[in-house]
Amino acid sequence: MDPAPRVLPPRPAAALRTEAGGVPDGAFPHHLGLTVSRVESRSEITVRTQGPEGGPVCALPAEVRLWLTHAEHSIRLARELPANGCLAQAVLAHEKRHAEVNRRTLRDAARELRVVARGWALRAEARADSAGAAALALQDELGRAIEPVLDRLRQAREDGHAAIDTSGEYRRLSQLCPGDQAKLRTALRRG
C-alpha cells in the first residue's frame, strides 16, 4: 500500500531540523523541508499440517500474505518560507523527489518480496511437536527469507536520498527566487 504523501502544515525550520535528527550543516544550516516515511511490513501464513494430533507434525505453507505499506508518508515545509512563493514551490518540488524515491523503492521491494516469498514457499517445510509450533517456525523462516529484501529497500532509499541531497542541489535552491530568499533570511533571523 502506497498512498501519496500528505503535505502537512508548515513548522519552524529549527523544528524540522530537530525532527530530522540533524544539526546545522555548514553552508546550508536550515531545513526548509522534510519528507518523512515510515515503512511497515508484516506477513501471515496459513499452513497445512500432516501428522498425529499429539505430534510431531509436518507443516507446509498453504497461503502466504505479505503487506508492505507506507504507514506514514508526509512532506512538511518550513514556516519561514514565504507561503505559496517561488521558493516554497521549489522546496516542495525537492521534497516530492524524496517522496518519489520512497514510493519507487517501496514498489521495487514489493515486486522482489513476491518473488522471494514464492520461491521460499515452494521449498518451505517445518517439523515440530504441534501445528502451532510448526507455523511459528515457518513464520520465522519467512522473516529470515525476506529480511535481505527489506535491507535492500532501506539501502536503496538511503542512496536515492543522498543523490538528491547534494551540495550542488542546496546551492541551486539557495540561488532561486531572490525576493523570497530575502524574506526567508529575515524570517530566519527573527526565528
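Visitor: What makes a nonpolar core, and which residues of the largest one touch the most other members?
Guide: A nonpolar core is a set of buried Ala, Val, Leu, Ile, Met, Phe, Trp, Tyr and Cys residues joined through side-chain atoms within 4.5 Å. The largest has 18 residues, and L68, L113, W120, A134 and L138 touch the most other members. At least two residues each come from β3 (57–78), α2 (86–123), β4 (126–128) and α3 (131–164), with α3 giving the most, 7 residues. Helices (H or I, at least four residues) and strands (E, at least two) are DSSP runs, numbered from the N terminus. Apart from this core lies another, of 17 residues, including V36, L77, L87 and L92.
Guide: This is a predicted model, where local features need pLDDT of at least 70, side-chain atom pairs count only at pLDDT 80 or more, and totals for chains, interfaces and linings use all residues. Residues are numbered from 1 along each chain as its sequence is written, and side-chain values use heavy atoms, leaving out hydrogens and water.

Visitor: Why is H98 called buried?
Guide: Buried means under 20% relative accessible area, exposed over 50%, partly exposed in between (1.4 Å probe, protein chains only). H98 has 5%, so H98 is buried.

Visitor: Why is A163 called exposed?
Guide: The relative accessible area of A163 is 55%, which is over 50%, so A163 counts as exposed.
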